[in-house]
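Let's walk through a protein model together, step by step. Keep the picture beside you as you read.

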Amino acid sequence: MEQEFYLGLAQRVRVIAERADPFTRRRLLDLAMRYDAKGRPASRSGATERPLPTPRTTPASIFSGPGEA
């Protein structure tokens, strides 16, 4: 259902872009393309996500003592 929402939004933005000046039209069409990408299933979008980096571990000895502020 969310996919249909974004695809419909993309279509509405394209209709508005038809009546806009060239600068605004270009930006609206770019927005419509982003909505299209959100509206397509992830397997067809072609966008690849980078995996999150592994968290860095801090040696426990740094935090193990009473320490001074």
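From the N terminus on, the elements of this chain run α-α-α. In total there are 3 helices and 0 strands; here helices (H or I, at least four residues) and strands (E, at least two) are DSSP runs, numbered from the N terminus. The model is a predicted one, where local features need pLDDT of at least 70, side-chain atom pairs count only at pLDDT 80 or more, and totals for chains, interfaces and linings use all residues. Residues are numbered from 1 along each chain as its sequence is written, and side-chain values use heavy atoms, leaving out hydrogens and water.

Now look for helix H1 (residues 2–18) and helix H2 (residues 22–39). Their axes lie 8 Å apart, and the two helices pack at an angle of about 165 degrees. The axes are lines fitted to C-alpha atoms over the stretch in contact, and angles run from 0 to 180 degrees between N-to-C directions. H1 and H2 are therefore roughly antiparallel to each other (under 35 degrees counts as roughly parallel, over 145 as roughly antiparallel, 65 to 115 as roughly perpendicular and the rest as oblique).

Which residues of H1 and H2 make the contact? Among them are Tyr 6, Leu 7, Ala 10 and Arg 14 of H1, and Leu 28, Leu 29, Tyr 35 and Asp 36 of H2. Contact means heavy atoms within 4.5 Å. The residues of this contact divide into 13 nonpolar, 2 polar and 5 charged (Ala, Val, Leu, Ile, Met, Phe, Trp, Tyr, Cys and Pro count as nonpolar, Asp, Glu, Lys and Arg as charged, and the others, Gly among them, as polar).

Let's zoom in on Asp 36, which sits in helix H2. Is Asp 36 buried or exposed? Asp 36 is buried, with a relative accessible area of 14%; buried means under 20%, exposed over 50%, and partly exposed in between (1.4 Å probe, protein chains only). Not counting residues up to four places away in sequence, Asp 36 touches Leu 7, Ala 10 and Arg 14. Across the chain of 69 residues, buried ones make up 16%.

Finally, turn to the aromatic rings. A search of the whole structure finds 2 aromatic pairs, and ring pairs link Phe 5, Tyr 6 and Tyr 35 into a cluster. Rings of Phe, Tyr and Trp (its six-membered ring) pair if their centres lie within 6.5 Å; planes under 30 degrees apart count as stacked, over 60 as edge-to-face and the rest as tilted. The rings of Phe 5 and Tyr 6 have centres 5.3 Å apart and planes at 70 degrees, so this pair is edge-to-face. Phe 5 is partly exposed at 45% relative accessible area, whereas Tyr 6, at 17%, counts as buried.
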